[in-house]
Amino acid sequence: MQIHGQYFTKTVISEIQEIVKAKPGISRRELSRQICRLNGWRSPNGNLKDMSCRKALTELDRRGIIDLPSVKSIANFTKSPSADAEINVPLVSLTFAELGEVTVEPISSRYTNASKLWRTLLEEHHYLGAGPLCGAQIRYIVKSSNYGYVGALAFTSATWALKDRDEHIGWSEGARRANLDKVVLNARFLLVPTLKVANLASHVLSLALSRLPKDWEERYRIRPVLVETFVDPERFSGACYRAANWRCIGQTAGRRDGKRKNILIYPLVPSWREILCLEPEIRLGETPRIEDPANWAEEEFGSIRFYDPRLKRRLYTIAQDFFNKCEKNIPEACGSKAKTIGAYRFFQNKEVSMEVILDAHTEATIERIKNHQVVLAPQDTTILDYSTHPMTEGLGPTNGIENNSIGLILHDTVAFTENGTPLGVVDAQCWARDQEDKGKSRRRKELPIEQKESVKWLRSFQKLAQIQKLCPQTTLVSIGDRESDIYELFFEAMQNDAGPKLLIRAEKTRSRLVEEELLWDYMASREADGTLQIHIARQGGRKGRIASAEVRFAEVELSPPKRCSSKPSIKLWAVYLVETEASEDVTPVEWMLLTTAEVKTFKDAQKRVEWYAMRWRIEVYHRVLKSGCRIEDRQLGTAESIETCLGVDMVVAWRIYHLTMLGRETPDVDCTVFFSNVEWKALCCYVTKNPTPPKKPPSLKEAIYMVAKLGGFLGRKRDGCPGTTTLWRGLQRLDTASEMYGIIRGEESLPPLEAWP
């Protein structure tokens with residue numbers, strides 16, 4: 001769990017309990033410092049984050065997670081020592097020349113005489129007194145060469161959240177949390193009231209702000225870019241701040257004392273807004289997972305980067321509702337008016353996006369990837385047609401100039417085991433084309449790849465390269481169809497030998513050259529290295545079949561295309577597969593596979609062909625997403641809301657497909673790895689028409705077959721294993737049966753945590 005910016009895992013909590021047990025009388029300050037040392041919690045300046053840790057410990061104690069020793073109250077009646085010099089400025093009106101040189105000097109230590117003078121000035125003349133000041137802080141004292149100490153200032157950490165300030169800056173929640181330490185609060189400003197000098201206040205402010213960035217950076221290793229302050233309009237007009245070029249941008253909420261104060265800001269650098277709005281870098285694998293998740297949704301989305309826990313709870317609820325009733329629309333899936341309104345608000349929330357949702361799912365997918373030696377990651381593009389929802393804002397054309405269909409383009413990458421079990425979505429790009437893009441394909445040869453949709457292949461490969469770094473013991477293979485046959489993708493794959501492998505099917509019209517000879521002619525002229533049989537899946541009205549094909553392989557060096565003539569040629573391995581005995585009514589199979597994975601033997605070539613044959617699995621996934629989750633039927637007001645909803649539906653579609661393949665890969669495991677006690681009992685009672693459930697749960701294969709039968713699966717010998725269609729239909733009927741079983745038996749349905757091998 002994350003509290004006050006720190007992650008408290010079971011290990012950290014055990015450390016705290018052991019320290020308290022070993023030292024019952026330890027103070028909370030010493031305990032927090034010891035915890036910070038053990039876990040390396042330090043500020044940019046190297047100091048321990050003991051204050052934030054102490055607050056977190058108090059919160060853990062309040063929740064009952066740990067038991068801290070009671071706070072020892074020590075009364076301190078010692079009066080603060082007075083300053084060595086007296087502050088006695090007579091009531092006079094002066095000019096700047098008569099005042100002498102004015103300096104603003106920082107206070108280096110609370111034990112210095114300047115610190116005592118600063119406190120004396122504030123206690124005697126400021127309506128808020130000397131403090132306490134919170135967080136990081138720098139104090140200044142103002143001195144005149146002719147009249148001595150005439151004023152004081154204090155700068156502290158910025159306010160955590162201010163509605164008007166945050167809207168004026170325009171930063172996101174993540175950017176605010178990451179960059180708030182670059183904002184400083186002017187907490188105190190005082191000039192001795194007996195001294196009257198025109199423009200002295202604005203002059204002192206300018207002197208202080210001119211040296212503040214350097215002083216703050218030397219002390220805290222962070223350079224501020226913005227200063228804020230609050231002015232009580234009932235007491236002050238704030239004229240001195242405005243004279244020093246401060247701007248009023250709104251008011252506080254007045255929650256502390258019931259008085260709304262004006263918010264004034266002063267930028268320290270011209271690019272302050274760009275710096276503060278810079279989003280923090282999101283690195284996969286850095287967010288700790290939930291250690292004790294309550295259900296599969298919490299396990300899958302537990303590392304999501306939501307700062308509001310209410311958003312997390314809403315996401316868990318929506319994901320479970322969508323899975324239980326994947327074919328239903330949003331109101332039907334949610335089941336109540338309150339949950340439906342909550343779902344619509346969730347999809348419209350600016351802090352929620354498809355990327356944020358899928359990043360959490362990708363974190364969970366990485367953990368599954370680490371359990372395999374080879375993981376295949378095909379990437380493909382599909383069109384989401386929303387022509388029946390013309391009022392949805394932000395959609396774009398999907399199929400060229402003549403076709404008036406509108407919708408979104410989705411390009412995703414899904415990880416699979418070599419046996420075809422989906423492990424999860426590792427990348428997804430979704431966008432709407434501009435109306436100006438119609439006819440852009442005619443100018444494709446003139447544009448750089450960064451301005452073409454083809455860049456989607458490079459972005460997905462780069463995301464897979466990030467995951468490869470986190471899974472060094474696993475070989476990741478990026479697989480693409482003929483559309484991905486672009487030089488830039490090969491060039492990207494060759495830059496890092498430790499990166500993922502690339503396997504694509506070449507496009508014949510590209511006219512690849514090998515030693516000034518066409519690649520296809522070069523490979524066809526070689527002797528066959530062997531023959532193998534491959535299964536061609538059923539597609540549309542075409543039946544599936546077993547094809548016998550000759551295989552040729554060789555290492556080739558491909559010349560770059562004319563647009564990339566300045567770049568080097570690329571060495572790859574080519575595997576050429578041609579069907580030899582095709583009937584007249586079918587198109588013979590002819591694959592030219594190009595890969596960065598070595599192919600030195602016929603067995604290697606066979607393995608590469610098997611890898612590419614798994615590419616169609618992502619098309620099955622898209623069918624589950626469209627036909628099972630009915631993403632194209634979602635009715636939301638904007639394209640951004642549809643993309644957010646798509647993030648949830650993509651995870652639900654993966655889970656349905658995963659369950660389908662899980663029953664084939666591990667059929668004999670107990671069905672409780674996927675179904676809760678209420679679900680498998682309700683399933684058995686419903687299928688067998690027996691009100692008494694069996695004492696022992698069925699195997700996963702048996703349970704999946706029963707669910708599929710609810711969805712229309714006949715289970716005949718020639719029918720094979722249940723598919724995704726009958727499974728997602730059966731799951732909806734199971735949800736209703738489980739709910740009724742739970743009501744009658746008085747049992748609560750708690751989904752199991754495990755949903756993978």
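Author: A disulfide is a pair of cysteine sulfur atoms within 2.5 Å. By that rule, the count here is 0 disulfides. This is a predicted model, where local features need pLDDT of at least 70 and side-chain atom pairs count only at pLDDT 80 or more, while totals for chains, interfaces and linings use all residues. Residues are numbered from 1 along each chain as its sequence is written, and side-chain values use heavy atoms, with hydrogens and water left out.

Reader: How far is Cys645 from the nearest cysteine sulfur?

Author: That sulfur belongs to Cys629 and is 9.2 Å away. For burial, we call a residue buried under 20% relative accessible area, exposed over 50%, and partly exposed in between (1.4 Å probe, protein chains only). Cys645 has 0%, so it is buried. Cys277 comes out at 24%, so it counts as partly exposed.

Reader: What makes up a nonpolar core?

Author: It's a set of buried Ala, Val, Leu, Ile, Met, Phe, Trp, Tyr and Cys residues joined through side-chain atoms within 4.5 Å. In soluble globular proteins, nonpolar side chains tend to be buried together. The largest core here has 73 residues, with Phe347 and Phe675 having the most contacts inside it. Helix H21 (residues 639–665) gives the largest share, 15 residues; helices are DSSP runs of H or I, at least four residues, numbered from the N terminus.

Reader: Which residues does Phe347 touch, leaving aside neighbours within four places in sequence?

Author: Contact means heavy atoms within 4.5 Å. Its partners include Ile318, Phe322, Cys645 and Val648. Ile318 and Phe322 are among the buried residues of H12.

Key. Helix = DSSP H or I, 4+ residues; strand = E, 2+ residues; numbered from the N terminus.
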